[in-house]
Amino acid sequence: MLEIKNIEYSYKKEKQTYRYDFSLKAGEIIVISGVSGAGKSTLLDIIAGFLTANSGEIILDQVKLTNLAPEHRPISILFQDENLFEHLSVEKNLALAFSKAIIDKEKIAIALKNVGLVGYEKRWAKSLSGGQKQRVALARTLLRNTPILLLDEPFNALDKKTVKDMRLLVKNLVKQYKWHTIIVSHNIEDAAELNAKNYVMKNGILKKT
Amino acid sequence: MLLGRGILASEKRKIIMLIIALSISALMVFLFFSIINVGNIFVSNMATIKIDILQLILMSLMQASLSTILSLGAGIAIAWSLNRLDFFGKNLVVSLFATAIVAPSMVVAFGLISVWGRAGWIAQLFEFFNWEWQFSIFGLGGILFAHTILNGAFAAHILLARIDAIPARKLKTAQSLALTPFKRFILLDWAAISGALPALGSIIFLLAFTSFPIVLMLGGGVANQTLEVAIYSAVRLSFDLDLAVRLSIIQLVLCMVIILPAIISNSYLANAGVNYHYKWRQKGLAQFAQISILFVAILAFALPLLAILVDGIAGGILDTLSRPSFWQASLTSIIIGSLSAVLTLFLAVLIATGRAAFSNGILKAILGLPIFAYLVIPAVVLSLGFYLFVKNIGISPTKAAPFVLIIANSLLALPFSIAILAPAIETINQRYNKLTRSLNLSSLMRWRMVEYPLIGREIGIVLALAFCFSLGDLGIISLFGTSEFNTLPYAMYQSLGTYRNNDAAVIAAFMLILCLVVFWFLPMIFRKLSNARN
């Protein structure tokens, strides 16, 4: 269970305070929508540890994450772009998931198979399409297998067919690996397609719809 | 019809820009042939040359190679440390390193002597503890030290901008992957800076290869002489024009060969332009290394500047200030610097807007020719070209001197000025070109309403940079200066030559203060002025 307990955050020089209070079970997906600047991505930054909340707690299976540095949190985060190092091959991008220098080629091949990119190991990241890049980033998430997955508008830069494929892929992976998944999205179809709970950010408060 | 006027204005503008770019290039070619022409006349005298040219070339190349390696190493380390650390006064430190590009190198060399020389601060400190001070600031070590301090700070400023421009999302991805400091450097920082290294390396190599005041003041004799200093010595000291011409041609050819990799690699120095809003600090050994590097860098760069100010104030300031010759040299420097700055801005805006407006690669390249002029033709060679040119057409070099100084100093500042203006003007052109043309804005209106308000700060930087370049020039004035017509650097050099070190200290301090004030305040004033208009 991932619990976001009474989190409050306000940016310097801004009067608005953002408030978040909810929980989700393993294998559950939450989609958060709202207008630009409503504070959706701010929540992901707080959970990932890039921003420090003014108050509140983040608890995963009764373990407090609130005071951990971003690199020590059991979290994978994906943005709409900049998820890969474009000057590296797919294999080397995936190898970053391992803490040791040894590249486990077998595991990489399985992860790539899971995201539908068999044989892409030696391809340069920069030569991939937007959808393929997101799949590689998801494959790295698979290799890391952290219990929390945060997706910040991950389907924005993709065409309709790719979005559909990616939704299906995310849905299946979350179900299989039991990740606690939070997705920030502008697209109202995402929640329905992913069988997710729908939340909205309005006037600085996150509410279930 | 309305659109037609806009296009006409735009086409007229392009033609004027092309003519100016071609005129500058033609002037350069003309000066080059003035030198070659004289060189051919003296070809038969080859046997009479008493200088070991091969040794000179090898010395120049070795000194420049070592300077480049050390400067790039120092620049990368300083940029890395500055990017990671956050502390009170960081902006001041970044600004301090930015002044490396405008601080007159002869002033910095003077400051280094004050700190590291035999009677310098460090030597006095050693004496206090009864220790023996054996380090000599003169010779190859001193030249490398000065070049590393100046060019390392310059490199740090350029590279920091690129590291700071790494997108926040990429940083967050790397941090959530728990990359080690080394992996972070290789995957993020190196990827960001490596593209700029060929161009930056070439520029630093050329700056070191053509370095004049530092080698002149710290070289410590013929053994460490570079081509640039040898040309000056041939003209001014041994009056051997034949040798000067021959050395100039060698210098030109070598500079062209050196600048080629930068042009071919197509690397660029402009900021990547992405705003950086996320900081990822590091702790432990990495942080200790960053603090240590920055401490040493600040000490190495700021101490000579501080020494100049202290020596200047302590060195009989009133006596020097009471001399009319000091004020005459100051007035000459300020007038020439101001006019040179205005001319530089005019040329840089025209060339940068022209390059942004042209889509044709060849025309773009023609407009880019003046950018490489200085990089290929160093100050002393340019000065010699002008010197021979005015002599050939029967004008006294003394009479032509003010005009030559304004034009030559402006040409020297041009590549750096265009590098500052071009990215901003390119962006404006991409965003507003269609809109301004559909609104049928005239060239003047477009400049007043669109371009000027958006590039106010850059205009200020260009004016400050060109002014400071001109103020610190010793290369051009070295051939044109006389007792009647001299500038501050020339007066300082003459003072040093006649062992009037106190006078030199006051002049150095005055030049440094003038440069810092202009470099810090002009961009600020212009940004405020353009914002007011905006």
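Student: In this predicted model, how many of the 14 residues of helix 17 of chain B are buried?
Tutor: Take the residues of helix 17 of chain B in turn. The buried ones include Ala379(B), Leu382(B), Phe386(B) and Val390(B). Helix 17 of chain B is mostly covered, and the buried count is eleven of 14.

Student: How far does helix 17 of chain B reach from its first C-alpha to its last?
Tutor: Helix 17 of chain B covers residues 379–392, 14 residues in total. At 1.5 Å a residue, 20 Å is expected. The span in the model is close to that, at 20 Å.

Student: Which residue just after helix 17 of chain B takes a positive phi?
Tutor: Look just past the end of helix 17 of chain B. The phi there is about 80°. The residue is Gly394(B).

Student: What does the secondary structure of chain B come to?
Tutor: Chain B has 534 residues, of which 48% are buried. Among its contacts between residues at least 6 apart in sequence, 85% join residues at least 24 apart. Its secondary structure comes to zero strands and 23 helices.

Student: Why does the span of helix 6 of chain B agree with what it should be?
Tutor: Helix 6 of chain B runs over residues 140–164. It is mostly covered, with 21 of its 25 residues buried. At 1.5 Å a residue, those 25 residues should span 36 Å. The end C-alpha atoms agree with this, lying apart by 34 Å.

Student: Are helix 4 and helix 6 of chain B parallel or oblique?
Tutor: Start with the angle between helix 4 (residues 105–116) and helix 6 of chain B, about 120°. Their axes are 10 Å apart. That angle makes helix 4 of chain B, relative to helix 6 of chain B, oblique.

Student: Which residues in helix 6 of chain B does helix 4 of chain B meet?
Tutor: Helix 4 of chain B passes helix 6 of chain B in a right-handed crossing. The residues of this contact divide into seven nonpolar, one polar and no charged. From helix 4 of chain B come Ser105(B), Val108(B), Ala109(B) and Leu112(B). In helix 6 of chain B they meet Phe145(B), Ala146(B), Ile149(B) and Leu150(B).

Student: At what angle do helix 6 and helix 8 of chain B pack?
Tutor: Helix 8 of chain B spans residues 181–193, and its axis is 8 Å from that of helix 6 of chain B. The two helices are oblique to each other, and their crossing is right-handed. The packing angle is about 125°.

Student: How many charged residues are in the contact of helix 6 with helix 8 of chain B?
Tutor: Leu159(B), Arg162(B) and Ile163(B) in helix 6 of chain B meet Asp189(B), Ala192(B) and Ile193(B) in helix 8 of chain B. Four of the contact residues are nonpolar and none is polar. The charged count is two.

Student: Which element gives the largest share of the side of chain A that touches chain B?
Tutor: The contact takes 14 residues from chain A and twelve residues from chain B. By class, the chain A side has eight nonpolar, three polar and three charged residues. Its largest share is three residues, from strand 6 (residues 75–78) of chain A.

Student: Is Leu88(A) buried or partly exposed?
Tutor: Leu88(A) sits in the loop between strand 6 and helix 2 (90–95) of chain A. Beyond its neighbours within four places in sequence, Leu88(A) is in contact with Asn93(A) and Ala125(A). A buried residue needs 20 or more other C-beta atoms within 10 Å. Leu88(A) has 17, so it is partly exposed.

Key: Residues numbered from 1 in each chain as written. Chains lettered and ligands numbered in written order. Predicted model: local features only at pLDDT ≥ 70, side-chain atom pairs only at ≥ 80, totals over all residues. Contact = placed C-beta atoms within 7 Å. Helix = DSSP H or I, 4+ residues; strand = E, 2+ residues; numbered from the N terminus. Nonpolar A, V, L, I, M, F, W, Y, C, P; charged D, E, K, R; others polar. Axes fitted to C-alpha atoms, helices over the stretch in contact; angles between N-to-C directions. Parallel < 35°, antiparallel > 145°, perpendicular 65-115°, else oblique. Left-handed = near helix turned anticlockwise from the far one by under 90°. Expected span 1.5 Å × (residues − 1). Buried ≥ 20, exposed ≤ 12 C-beta atoms within 10 Å, placed from the backbone.
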